Amino acid sequence: MNIHRLLLIILSSLAVGAYAQTMSTKGDRLVDAPEIVYLQTDKGIYETGEDLWFKSYTMDAQNLVLSDRSKTLFVEMLNTDDSIVWHEKYPIFSGIAEGHIYVDKNLDAGDYRLHAYTRLSFLDDTGHPIYAQKIRVVKEIVNRRSKSRLKKDRHDIRLSFFPEGGNLIDGITSKVAFMARDGNGMPVNIKGMLMENNKELASLETIHDGMGSLFLLPQKESSYKVVLDDGQEFPFAEVSTSGLSIYLRKQTDDYLEFYLSQPEGTTAQTVMLEGKMRGILYCRATGVLRDKMKVRIPLTEFPMQGIAEFTLYNEKGQPMAERLVYVHPERKLHIVLKTDSTCYHTRGKGKLCIKVTDESGKPVQAHLGLSIFDRAYLNEFSPENMLSHCYLSTEIKGNIHNPAYYFDEDNDDRLASLDLLLLTQGWRRYIWENVDSLTMADGFLSDEIRGRQIIGKKKKLKELGNSEQLLQVYGPDTWSCFIIADSMGQFVLPTEQMLALRGGYVYLKPMLDKDMYKPVIVIEKSFVKADSLRKCCPSYFPYMDPAQVISDLSLNNHVSGGDGSILLDELTITGKKERVFRDKMMGRLDSLAQMNNNVYVCTSCGQLINYRPDYQGHHAIGACPAKGRKQPIIGKTYRIAKYKYYTTGPNPYFGLVDELYVVYQGPVYTDEELLQMNGILRVKGYYGKREFYQPDEVDMQIPIPDARNVLLWKPDIVTNEKGEAKVEFFCSDINTGFAGIVEGTDGNGNLGSSLCGFNVQKP
């Protein structure tokens, strides 16, 4: 059978046998397939004391369709020491969550990581990487630039080689990609020569971000090394005497053409080539391989944009070679942003039109998030967007340098450079002994609040038998409901009730008598469990070589008022105060505690009694009728008096020793003391919802200076049946360049990202 006839058999097999299935035992998808979470923020750099606004997209990790399985979003903010500075929970509605994070004014300046996850995106698997997103925190925006830049050490270069498919095989022409990095992990441009037996064989030169490739016909008996122009030498990839090779010869919009090879003289065998994407098997071809075979894969087999993984198996079913290929880059949401002007006056009104279409130009209804902000707050050191995060960063291991580059259509070489990235950073060599079988990690978090009520007295526990137990649940505004614990004391507060109680803490109170049963409530601590696992997982994030960050931005000056005074973005006046602010529930507990103490006001003489030791006298002590008592009012001024009984004279008497006027503060209890006094457990519920401030025309007439650096944050844009949406915004008093960034999904696996820009100047 010649190669051409064999090709026909393989193509026929593809046409008949190509199908979509997953490595599962139920239907066409993994049971409880994992989710992926993308966090869109309103900007990339924040000054301390600001709010960070975000929108999250929770998607099925296999097809990027919005997922409605998880109901709770967990968000953490961590500093460079891996310490958590913020963690809260937010409700998810049909895959979408919105919220904000307060960037505390006491935070140190520097880079921080945002980790957003669900019960199905953060699994009990220490081998599963965490793909964090970075933000930068500064005290003032004028200090946003790093004062020091890493120097490239040309004598500390790490040069690595990656044969296509995994191995160089004796006598088979192969493509070898290479990557050069300096000691700081930044890409380095190099030139050099590949030497075979100390003779020049081929030149090599990086073409993008320290990456490049070359072709050679390797010989087992030859020795190879690379010598750079500056004289540095590096060992080359080793040559194997056996194995299977895969070479992507051609890629078009319609098909992929591979050459499969094995060394000459090797016994013919039946091989299989499988094509997967995001864990789903989409096509399979089998045929008899002698020396070389050509296989053509129609791209119609793959329904979406992304990395397709092609694995070549020998006749024993062992994976022998692998090639990652990026397919269908055109299958995305094509979003056009257009403002009604390229330049506005300060406090001027702007209009922005959004148009969303698919790859064929048809209008698409999409769920989008839009931010318009001062370009000085764009974090160039974290070059990531929705496309690069979902299609690339979360698909291959390691920190990726400037991933957004590969999704910017203004870069003509982006697809060729992306293929180099997949050949290097997406490369793997199969080692049979270390190939793991497919396993599904378990979820260990809960959307709901879960816990258990433990009875402290065993005798009383027997009395309860198999009866259910009642618990009362309060929200921060004192609204309450009841839930039932089973006979084992286990209970669940569902997400529906968590929504009703949204806004802060959730309070749980046993209804059993505390003296008779001594009930104790234990809660499942999701963040503690997640934090413990996270410290054992690898963490990857995008990065950017500081030497490649070129900015022509003129940093903002402070906005000044008409009298020359400087307007601060936010002014908070703090002072000493005796009592801390509490929500309504804790305030109620505090009020009850005040009522139960023995301090009172005499209704007859009006003096405060039992407030300070020895100051317990009534006005005209011994003669005050003291007909009644009333509760003192916190913050009100009262008279207290100290008397002494004198017996030295002929007529003993009470005499005034001292009197004071005091502001009644009441006994100050900590939250923990108040909760313990009332037998209540407090646990974090859903974080409260706030609305982004957007001024109207009346607000813009107020003469107070306007220093808003985010003009608009609108996470809930939905385009109409024409794929269009329109929004309006007002400029602030900041005269500089602004950027508009929109991202979103159609909910069915197609993603999009776009940006625009305009300037604001004084009239």
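Lys 43 sits in the loop that runs between β2 (35-41) and β3 (45-47); helices (H or I, at least four residues) and strands (E, at least two) are DSSP runs, numbered from the N terminus. The model before us is a predicted one, in which local features need pLDDT of at least 70 and side-chain atom pairs count only at pLDDT 80 or more, while totals for chains, interfaces and linings use all residues. Residues are numbered from 1 along each chain as its sequence is written, and side-chain values use heavy atoms, with hydrogens and water left out.

Is Lys 43 buried or exposed? Lys 43 counts as buried because its relative accessibility is 4%; buried means under 20% relative accessible area, exposed over 50%, and partly exposed in between (1.4 Å probe, protein chains only). The side chain of Lys 43 makes a polar contact of 2.9 Å with the side chain of Glu 50, and another, of 2.6 Å, with the side chain of Asn 709. By polar contact I mean a pair of N or O atoms within 3.5 Å; within protein, one must be able to donate a hydrogen and the other to accept it, and residues adjacent in sequence count only if both atoms are side-chain atoms. Leaving aside residues up to four places away in sequence, Lys 43 touches Glu 50, Phe 373, Tyr 377, Asn 709 and Val 710, where contact means heavy atoms within 4.5 Å.

Asp 358 is found in the loop between β29 (349-357) and β30 (367-374). Asp 358 is buried yet has no salt bridge, and the nearest side chain of opposite charge, that of Lys 362, is 5.8 Å away. For the charges, Lys and Arg count as positive and Asp and Glu as negative; His and the chain ends are not counted. A salt bridge is a side-chain nitrogen of Lys or Arg within 4 Å of a carboxyl oxygen of Asp or Glu. The backbone nitrogen of Lys 362, however, lies 2.8 Å from a polar atom of the Asp 358 side chain. Not counting residues up to four places away in sequence, Asp 358 touches Lys 332, His 334 and Val 364.

How many salt bridges does the rule give? The count comes to 31. In one of them, Glu 88 pairs with Lys 684, with the closest N and O atoms 3.0 Å apart. This pair links distant parts of the chain, since Glu 88 belongs to strand β6 (residues 84-91) and Lys 684 to strand β45 (residues 681-684), 596 residues apart. Glu 88 counts as buried at 10% relative accessibility, whereas Lys 684, at 28%, counts as partly exposed. Another salt bridge joins Lys 529 to Glu 524, the closest N and O atoms being 3.9 Å apart. Salt bridges also link Glu 76, Asp 82, Arg 113, Asp 531, Arg 534 and Lys 535 in a network.

All 8 of the 8 residues of α2 are buried, so α2 is largely enclosed by the rest of the structure. At the N-terminal end, α2 is capped by Asn 385, a side-chain oxygen of which lies 3.0 Å from the backbone nitrogen of Leu 387. α3 is mostly covered, with 9 of its 11 residues buried; among them are Arg 414, Asp 419 and Thr 424. The buried residues of α3 pack against α2 and against the strands β11 (158-163), β13 (174-181), β16 (211-216), β25 (306-313) and β26 (319-327).

Between these helices, in the loop from α2 (386-393) to α3 (414-424), lies Asn 402. Most residues other than glycine have a negative phi. Asn 402 has a positive phi, near 50°, and counts as buried at 12% relative accessibility. Asn 610, which is not a glycine either, has a positive phi of about 70°.

On the cysteines, the structure holds 0 disulfides, a disulfide being a pair of cysteine sulfur atoms within 2.5 Å. Cys 536 is in no disulfide, and the nearest cysteine sulfur, that of Cys 537, is 6.7 Å away. Cys 536 is exposed, with a relative accessible area of 52%.

Finally, the protein as a whole. There are 9 helices and 49 strands, and buried residues make up 50% of the 763 residues. Of the contacts with a separation of 6 or more, 70% are between residues 24 or more positions apart.
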